[in-house]
Amino acid sequence: MRPHVRYLSAFLGARLLGYLLFGAVAWELGKLASLLPGPRLMLMGAVDVSLACVLLWYAYSARQICGHSCGDSKLVEIGAKKNSGAVGAAALGLLTGLSLCPPFVAAGIRASQLGSVVAALLFFACFFVGTSIWFVPLAGMGCIVRNQAVITVARMAMVLIAVYYLLMGAGLLLGRKANGY
Amino acid sequence: MKLRAKLGYTAAGLTVLAALLTPFLLMGMFAKGIVALRLHVDEMYSGGPKVRIFEHGAYSIAVHRAVYPHMLQTEKPFVQLDWSPVNALPAHVSDVVDIDGDGQPDIRVSFDVPKDPKAQLRVDVEPIDQVNQVSAKYQAMRNAGKEKYSRLIVRVDNSILVRVPLKKP
Amino acid sequence: MFFHPGANTDLASRLAGAITAIFMIAMFFTMMRTGTTYRWRRWFFVSVGLLFPIGFIHNVMVMRGSMGIPIEEMIAGRTPFCFMPIPLLILPAALTRTVVFPGSIVPGGGMSGHGIAEMVGLWLAITLVVGKGWCSYACFFGGIEEGMAAIPKRPKIRKLDPRWRYGPWAVLLAMVLLSLALFEPAYCNWLCPFKAVSEYVAARNTVGLIQNGIFIVLFGALVIVLPLLTKKRTQCSWFCPFGAFQSIFNKISIFEVKIDQTRCKPCVLCQNACPNLSLSKESVAKGEALMSCMKCGACVDVCPRQAVVWHIKGTEVAWKPERARLLFLYGAWAMAVMFGGSIIAQGISTILHYFA
């Protein structure tokens, strides 16, 4: 039990660090953009289009189900002899904390619009708490992510949402109103 | 017959009963249940509850509570003002409104009231200069129509509604 | 007219009511007499699909002169409520007690005078009785594509990728997430093909025009062209998020379709007949339909060995299947008369008033 707690703590701690780093960078970018009201909408539009591209790439790359275990990855083995693999877990945590998954980018956009860097950091700390809760039950749910139906539905849904963000982003880049009313 | 089969037939029979009772009982019962949940339509559509009313002779101006967007809604925060009844309004309205009820005027709202109820409405909103400081709370509007939920003037039944966007803090 | 006290009682309306009553009785009588379900249910369902737009569009044209909903009507809470956004409203309502639809909650509100609460109450009652049979007995849009699918004798496209069956779930997931994030009925604003035959938000800018364009393209493709080419209800099978939502209720519905393995010689006639792709080789081998089964009866009627049967959960498969069919039909047809019947009557009444 103790080694598992150590791995999980290292993983989550480094993941939190990655989130906070991203939150700070997102806020700085947002502050820079707010000084230039003209390009601000362009930046938001560009991020929306980028998010759409990330979603489409995820949908395309998930066409093959990963059927083998990832336990033999070299990444997992970092520091395994000296400190029972905690460094490896931390490295994975930092990388997953910085990985630009779609909800992460959407949260970054939101944080960039907040009033201060403290607010942005707090926002991402709460985002971390909200997303970390899902680690607990997901530990026993490997069978679901290998289910063909779940993966197909997820891929189709990602394409739909990507199309939405593409339209919104294109609208902002072209200077059109983002609202149909 | 096994117990499971008996239960199955009982449930099947109950669905027939439910079907017959739907127009007379079930539909109303479920509807009352939904109403009892005390849900409300999103204030972005409804404009929020009224918080104060100012009488202006034959007509009145109702001020609604400020509405703020939820989640990733693209609308801006706004406050809705209602002029009613329309048939008591003069041909041109230019009123100073104290929105937050602090005794100080906040904005001046000006619009024409056409005789044709389907005619397009246009509104000008000017934040009022208070002791050489422009009101920091409300956005100015120049010849605005019905652009978006948070920035419009429309006629709804016997009222003219104006939604004034709030400036960001 | 059946359930609208105070509705029109002029000659045209009475005649429409009489025609509808005779039609519904005739269809039910024929179902009982012939022992088949699908063809007669389809007559009813296509009638609803064709007559609903006539009555509805006439009403909106009379009330506001346009199929486009102006923003004034939305602010006034008079947007007619359709059952399609129900799954999209659940999460925002659960989290914030907010209904993200520009309608009126209380009975007596809305354009039709029913309000969101009554429509949701009606949906709940019908769903408790028929489960996903809603898609065969209550949906006032599905009849259009069922009619289109019935026109050709043979499909031009036979090979259909079975993965498209997951489309409705993907649309449901995407629309639920977008509705929660944007606090608006995302499906109604962006993807509903039936806006083309009911009403839509009046476009004010480029985004609005794009939205309306999407509705027309989706209607043309999913409701007209693809059903003609495949003889399947393609909008229902591949796209409708409400259908995916209703599939969940098939799990609690007491009625289902089963396959008697002692009689079945896999001839795939039932799979080909199913308009909703709810029978696959694997599910037939298991002796059951998929959870997307709309209980239309096509597979039961087409099976030459009476291997596909109506079934009540808890009973033995193929033991007195006609009893199961009757119990299902009594409830389903009662609902059809109440809901679809009033739509048919209103549509006929509109036509008769036009010619009167």
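How many bridges join strand 1 of chain B to strand 2 of chain C, and do these strands run parallel or antiparallel? In this predicted model, two bridges join strand 1 (residues 40-41) of chain B to strand 2 of chain C, and the two strands run parallel. Within this pairing, His40(B) has Thr98(C), in strand 2 of chain C, as its bridge partner. This link between two chains makes a friendly starting point for a walk through the model.

The contact between chains C and B can be taken next. Here 44 residues of chain C are in contact with 40 residues of chain B. On the side of chain C that touches chain B, two or more residues come from each of helix 3 (71-75), helix 4 (86-96), strand 2 (98-99), helix 5 (115-130), helix 8 and helix 16 of chain C. Helix 5 of chain C gives the most to this side, with nine residues. Sorted by class, the residues of chain C that touch chain B divide into 32 nonpolar, eight polar and four charged.

Chain C also meets chain A. This contact takes 22 residues from chain C and 16 residues from chain A. On the chain C side, at least two residues are supplied by each of helix 8 (167-182), helix 9 (186-190) and helix 10 (206-230). Helix 8 of chain C gives the most to the side that touches chain A, with eight residues. The class count for this side of chain C is 14 nonpolar, six polar and two charged residues. Helix 8 of chain C is also listed among the elements that give two or more residues to the side touching chain B.

The nonpolar cores come next. The largest nonpolar core has 176 residues, and Ile161(A), Ile126(C) and Met335(C) touch the most other members. Helix 16 (residues 321-355) of chain C gives the most to this core, with 16 residues. Around Ile161(A), leaving aside residues up to four places away in sequence, the residues touched are Leu55(A), Ala174(C), Leu177(C) and Leu178(C). A second, separate core has eleven residues, including Ala26(A), Ala120(A), Phe124(A) and Phe128(A). As general background, nonpolar side chains in soluble globular proteins tend to be buried together.

Turning to the domains of chain C, the assignment gives domain 1 (1-65 + 321-356), domain 2 (69-253) and domain 3 (254-319). The C-alpha centres of domain 1 and domain 2 of chain C lie 21 Å apart. Their contact takes 21 residues from domain 1 of chain C and 21 residues from domain 2 of chain C. On the domain 1 side, helix 2 (38-64) and helix 16 of chain C are the elements that give two or more residues. Helix 2 of chain C gives the most to this side, with 14 residues. By class, the side of domain 1 of chain C that touches domain 2 has 14 nonpolar, four polar and three charged residues.

Chain B is divided into domain 1 (1-39) and domain 2 (43-165). The centres of these two domains of chain B, taken over C-alpha atoms, are separated by 47 Å.

Two sheets of chain B can be followed strand by strand. One is an open sheet of six strands in the order 2-3-4-13-12-11, with antiparallel pairing. Its edge strands are strand 2 (50-56) and strand 11 (146-148) of chain B, each pairing on one side only. From one strand to the next, the twist of this sheet averages 25°. Inside the sheet, strand 12 (residues 151-156) and strand 13 (residues 159-165) of chain B run antiparallel and are joined by five bridges. Ile153(B) stands opposite Val162(B) of strand 13 of chain B.

Another open sheet of chain B has four strands in the order 5-6-7-10, with antiparallel pairing. Strand 5 (92-97) and strand 10 (141-144) of chain B are its edge strands, and each pairs on one side only. In this sheet the twist averages 10° from one strand to the next. Strand 7 (residues 123-127) and strand 10 of chain B pair in the antiparallel sense over two bridges. Here Val123(B) has Ala144(B), in strand 10 of chain B, as its bridge partner. In general, strands of a sheet pair through backbone hydrogen bonds, either parallel or antiparallel.

Conventions. Residues are numbered from 1 along each chain as its sequence is written. Chains are lettered from A and ligands numbered from 1 in the order in which they are written. This is a predicted model: local features need pLDDT of at least 70, side-chain atom pairs count only at pLDDT 80 or more; totals for chains, interfaces and linings use all residues. Two strands pair if DSSP finds at least two bridges between them. Axes are lines fitted to C-alpha atoms, for helices over the stretch in contact, and angles run from 0 to 180 degrees between N-to-C directions. Two residues are in contact if their C-beta atoms, placed from the backbone, lie within 7 Å. Ala, Val, Leu, Ile, Met, Phe, Trp, Tyr, Cys and Pro count as nonpolar, Asp, Glu, Lys and Arg as charged, and the others, Gly among them, as polar. A nonpolar core is a set of buried Ala, Val, Leu, Ile, Met, Phe, Trp, Tyr and Cys residues joined through C-beta atoms within 7 Å. A residue is buried if 20 or more other C-beta atoms lie within 10 Å of its own, exposed if 12 or fewer, and partly exposed in between; C-beta atoms are placed from the backbone. Domain bounds come from an automatic or database domain assignment.
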